[in-house]
Amino acid sequence: MEKEITCVAPPNIALIKYWGKKDENLIIPLNNSFSITLDSSDLFTKTTVRFCDPKKNEEDKFTLNEKPQKLASHKRIVNLIAKIREKSSLPNKDDPIEIDSMNSFPTAAGLASSSSGIAALTYCLGNLFEVYGTEPLQLDQVEIGKSTKKQEGKNEENKQVADLLRREKLSAISRQGSGSSCRSMFGGFVEWIAGEKNDGSDSRAKQIFPKSVWPELRVLVCVVRSEQKKVSSTLGMRRSVETSEYIDKFSTKVVPKNIKQIKQAIQSQDFETFANVTMKNSNAFHSVCLDTFPPIFYLNQDSKKVIDFVHSWNDIFGTQVGYTFDAGPNPVLIMLNKNLPSFLDAFVQTFQIENLVNQPLQQILKDSQFNKLVQ
Ligand code: ADP
Ligand code: DP6
Ligand code: CO
């Protein structure tokens, strides 16, 4: 049996967004970004990579959601494999590999499938090819993106430190498959540091706070539309960099200020500031999209209704809920545990009454499947 590694990775949702690259090839971002890793058993990518018998297979193979893919049309994945192979000193590193991956949630729909997908792949490849160390290689299945528990004993501690450093280094490779994926190497609140070096070696993710820093925080992922978006994140941000004037203010002024604010808000568990900064940054990002020419519309009518609903709710009850939208129409809502039941109740009722045009949201609400997506 040839060697095989399986990894399960979570998506992350940016609270302060990455949008635009300084270097397209190396994927070095214009600005730092800050995210929360989603730790839900309903949202994940599961990837297996294995070496194949070199006599039977001539090429690397990739299957995504049970569909065999043409690897040549996934240039970034081809590059990623090449980068890992380059760093490997295994004697059989040139043997063909087979990648089998599935997402438990819609792919390319603005729910950050590229973040969990590429993070899982990079971690698997790093282990398969024994890049940056061999320690976790005894494991045939690992879960990344989980907040790490403190282990007892010097030896265990050392292993853990080595593992964190290894993930940080792997995040710099993962980044080159899809920028947002580097943040999925860690659980909790994570920052992708843009870095200063031209080769991108210091453009990496770091965990800023573990999830346990704010146990009352809940995240709700709402699927209003599971179709593939028309403009991928990669193409969208390229067009924004080329045509938007506002993107400069966004990346040099708005984002640095928001990252400072959100870190402080988390540290002091100031939900009002946390929610307001998150909502404002999401709106600022979608303003960049609107300022792009031709404009990109990721939000749809359903998204806008959810935004209005959240603000009306907050007007009455104080700031209890925040929203953020990635490059797609699906709302991600944040709130404190204690406010979840009453909000969810009203939310479900409102959107059933309003009879949204979009079927998936209705179905999810009707079947009360929402709970499944609550982290
Ligand atoms: P999303 O909003 O879902 O992140 P993107 O446009 O950023 O959408 O990225 C979608 C792309 O990410 C897919 O077309 C594919 O190339 C890549 N991707 C998604 N899931 C996986 C996976 N499980 N393994 C490898 N690549 C993946
Ligand atoms: C809006 O990481 O998907 O979700 O680096 O080109 O693969 P590429 O793009 P991707 O962009 C994510 C954009 C975003 C914001 C974010 O996740 O920070
Ligand atoms: Co993406």
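The structure is a predicted model. Its chain holds 10 helices and 15 strands. Of the 375 residues, 43% are buried. Contacts were also examined by their separation along the chain. Among contacts with a separation of 6 or more, 74% join residues 24 or more positions apart.

Strand β5 spans residues 33–37. Five of its five residues are buried, so the strand is largely enclosed by the rest of the structure. Both faces of β5 are covered. Ser 33, Ser 35 and Thr 37 are buried on one side. Phe 34 and Ile 36 are buried on the other.

Strand β5 has pairing partners in β2 and β11. Strand β2 covers residues 12–16 and pairs with β5 in the antiparallel sense, over four bridges. Strand β11, residues 189–193, also pairs with β5 in the antiparallel sense, again over four bridges. Ile 36 of β5 takes part in both pairings: Ile 13 stands opposite Ile 36, and Ile 36 in turn stands opposite Phe 189 in β11. Ile 36 is itself buried, on the side of β5 that also carries Phe 34.

Helix α4 runs from residue 233 to residue 243. Its buried residues are Ser 233, Gly 236, Met 237 and Ser 240. These residues cover an arc of only 90 degrees around the axis, which puts them on the same side of α4. An α-helix has 3.6 residues a turn, so residues three or four places apart point the same way.

Ligand 1 is surrounded by 22 residues. The closest are Ser 113, Ser 114, Gly 117, Ser 232 and Ser 233. Elements that give two or more residues to this shell are β9 (97–103) and α2 (113–128). Helix α2 provides the largest share, five residues. By class, the shell has 13 polar, eight nonpolar and one charged residues.

Conventions
Residues are numbered from 1 along each chain as its sequence is written. Chains are lettered from A and ligands numbered from 1 in the order in which they are written. This is a predicted model: local features need pLDDT of at least 70, side-chain atom pairs count only at pLDDT 80 or more; totals for chains, interfaces and linings use all residues. A residue is buried if 20 or more other C-beta atoms lie within 10 Å of its own, exposed if 12 or fewer, and partly exposed in between; C-beta atoms are placed from the backbone. The arc is that of the directions from the helix axis to the C-beta atoms. Two residues are in contact if their C-beta atoms, placed from the backbone, lie within 7 Å. A residue is near a molecule or strand if its C-beta atom, placed from the backbone, lies within 6 Å of it. Ala, Val, Leu, Ile, Met, Phe, Trp, Tyr, Cys and Pro count as nonpolar, Asp, Glu, Lys and Arg as charged, and the others, Gly among them, as polar. Two strands pair if DSSP finds at least two bridges between them.
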